[in-house]
Amino acid sequence: MSTMKCFLDMDGVLTDFVRAMCERHRVVNPYDDPKNYGNYNMAELLGMNHGEFWFPAEHHQFWAAMNWMPDGREILEFVEETFGEENVCLFTDPSQSGTSASGKMNWVNRLIPRYNGRLLIGKPKAFCAHAGVVLIDDRDENVDQFNEAGGQAILVPRPWNRLHDLSKYTKYPAVSWINVALAHSQCLGVKEHTDGQET
Ligand SMILES: [Mg+2]
């Protein structure tokens with residue numbers, strides 16, 4: 001079992017922020033169109049200004065009622081198996097609305113209450129970067145900043161980041177990628193899960 005600590009992002013990794021936004025705005029998911037792959041700026045893709053885009057997210061319930069990503073539970077389970085549940089901490093960036101933080105706390109309390117005491121809410125993720133910790137996140141910028149600050153970060157393949165192409169080729173793409181990325185990183189003690197086969 002690893003002695004590394006893992007920070008696990010919520011929006012776009014565990015929770016389906018994009019789907020929630022599309023439903024509230026009553027728009028088609030812009031990431032259904034391959035020409036939008038790799039563009040994290042969803043407001044720009046929807047032709048909205050900052051205020052228009054974030055308006056639905058000003059409500060506590062937007063965050064509290066958010067659905068899991070289709071592979072969110074699987075990612076959480078894999079990360080817990082890899083690092084040990086006690087070494088995993090949720091780490092999420094709130095929106096500018098205060099209701100975001102309370103809504104996220106409510107979501108965790110409702111769906112994975114064992115993380116009530118292992119939940120960090122804050123924007124500057126790179127401030128927590130140091131040797132011995134891994135950040136798993138879906139935002140290119142967060143991953144780059146965390147790596148530059150001395151931590152190790154793994155980008156989860158999603159249509160809105162630079163690993164968008166990876167998500168098309170495997171049955172469980174995000175978990176597969178995290179597994180491979182961890183195995184090939186400098187995370188001592190973390191071994192690739194190979195179903196008993198040597199690689
Ligand atoms: Mg995220």
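The secondary structure of the protein, as given by a predicted model, comes to 8 helices and 5 strands. Read from the N terminus, these elements follow one another in the order β-α-α-α-α-α-β-α-β-β-α-β-α. The mean pLDDT of the protein is 90, and 89% of its residues reach 70 or more. Among the elements, confidence is highest in β2, with a mean of 98, and lowest in helix α8 (residues 173–183), where the mean is 84. Where pLDDT is low, predicted coordinates should not be read in detail.

The strands form an open sheet of 5 strands in the order β3-β2-β1-β4-β5, and their pairing is parallel. The edges of this sheet are taken by β3 (119–121) and β5 (152–155), each of which pairs on one side only. On average, and with direction ignored, neighbouring strands of the sheet are turned by 25 degrees against each other.

Within the sheet, strand β1 (residues 5–8) is joined to β2 in the parallel sense by 3 bridges, and its parallel pairing with strand β4 (residues 133–137) extends over 4 bridges. Phe7 illustrates both of these pairings, standing opposite Cys89 in β2 and having Leu135 as its bridge partner in β4. Leu8 likewise has a bridge partner in β4, namely Ile136. Strand β4 is in turn joined to β5 by 4 bridges, with the two strands running parallel, and Asp137 stands opposite Leu155 in β5.

Strand β4 is mostly covered, in that 5 of its 5 residues are buried. In a regular strand the side chains alternate between the two faces of the sheet. In β4, Val133, Leu135 and Asp137 point one way, whereas Val134 and Ile136 point the other way, and burial applies to all of them.

Helix α6 (residues 98–111) lies across β2 (88–92) and β3, and its direction makes an angle of about 165 degrees with β3. Helix α7 (residues 140–148), for its part, belongs with β4 and β5 to a β-α-β unit that is right-handed.

Of the 199 residues in the protein, 34% are buried. The largest nonpolar core has 42 residues, and those that touch the most other members are Cys6, Leu8, Val79, Ile136 and Ile178. Helix α5 (residues 72–83) gives the most to this core, contributing 5 residues. When its neighbours within four places in sequence are left aside, Leu8 is in contact with Val13, Val79, Val88, Leu90, Phe91 and Ile136. Across the protein, among contacts between residues at least 6 apart in sequence, 58% join residues at least 24 apart.

Two loop positions may be described individually. Although Asp93 and Asp9 are 84 residues apart in sequence, their C-alpha atoms are 8.1 Å apart in space.

Arg26 occupies the loop between α1 (17–25) and α2 (42–45). With 7 other C-beta atoms within 10 Å, Arg26 is exposed, since that class takes in residues with 12 or fewer such neighbours. Most residues other than glycine have a negative phi. Arg26, however, has a positive phi of about 55 degrees although it is not a glycine.

Definitions and conventions: Residues numbered from 1 in each chain as written. Predicted model: local features only at pLDDT ≥ 70, side-chain atom pairs only at ≥ 80, totals over all residues. Pairing = 2+ DSSP bridges. Axes fitted to C-alpha atoms, helices over the stretch in contact; angles between N-to-C directions. Contact = placed C-beta atoms within 7 Å. Buried ≥ 20, exposed ≤ 12 C-beta atoms within 10 Å, placed from the backbone. Right-handed = clockwise from strand over helix to strand, strands pointing away. Core = buried A, V, L, I, M, F, W, Y, C linked by C-beta atoms within 7 Å. pLDDT = per-residue confidence, 0-100.
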